[in-house]
Amino acid sequence: MSLGGCIILMAVGAILAFATDWHMKGVNLDLVGWIFMIVGLIGVFVFRSIGKRRGLIPPANRTTVIEDERDRRL
């Protein structure tokens, strides 16, 4: 599942959990919405960890400062 699929899964889960008042016999839509949101969140974390290993997500930019002893004035 891609990152977009995970986000869509979380959005559908939030809609089911918070924005609907449907009642189905034998199905708790609030619980189904929460399950969708949790599965989507787990998918985002898995995508991030796999993406970092494969190099799909670049590491944070860090600036390396190299001091030269010739530039120091005593």
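Student: How many aromatic pairs does the structure hold?

Tutor: The structure, a predicted model, holds one aromatic pair. Rings of Phe, Tyr and Trp (its six-membered ring) pair if their centres lie within 6.5 Å; planes under 30 degrees apart count as stacked, over 60 as edge-to-face and the rest as tilted.

Student: Which rings are in the pair, and how are their planes set?

Tutor: Phe18 and Trp34 form the pair, with ring centres 5.5 Å apart and planes at 85°, so it is edge-to-face. Phe18 belongs to helix α1 and Trp34 to helix α2 (residues 29–54), so the pair ties together parts that are 16 residues apart in sequence. Helices (H or I, at least four residues) and strands (E, at least two) are DSSP runs, numbered from the N terminus.

Student: Is Phe18 buried or exposed?

Tutor: Phe18 is exposed, at a relative accessible area of 55%, while Trp34 is partly exposed at 43%. Buried means under 20% relative accessible area, exposed over 50%, partly exposed in between (1.4 Å probe, protein chains only).

Student: Back to the model. What are the cut-offs on confidence?

Tutor: Local features need pLDDT of at least 70, and side-chain atom pairs count only at pLDDT 80 or more, whereas totals for chains, interfaces and linings use all residues. Residues are numbered from 1 along each chain as its sequence is written, and side-chain values use heavy atoms, with hydrogens and water left out.

Student: Which residues of α1 are buried?

Tutor: Cys6, Leu9, Gly13, Leu16 and Ala17 are the buried residues in α1. They cover an arc of only 90° around the axis (taken from the directions from the helix axis to the C-beta atoms), which puts them on the same side of α1. Exposed Ile8 and Phe18 sit on the face turned away from that buried side.

Student: What does Leu16 touch beyond its sequence neighbours?

Tutor: Leaving aside neighbours within four places in sequence, Leu16 is in contact (heavy atoms within 4.5 Å) with Trp22, Leu29, Asp30, Val32, Gly33 and Phe36. Leu16 counts as buried, at 14% relative accessibility. The C-alpha atoms of Leu16 and Asn28 are separated by 9.8 Å, and these two are 12 residues apart along the chain.

Student: And the whole chain: how many helices and strands?

Tutor: The protein chain has two helices and zero strands. Of its 74 residues, 18% count as buried. Among contacts between residues at least 6 apart in sequence, 45% join residues at least 24 apart.
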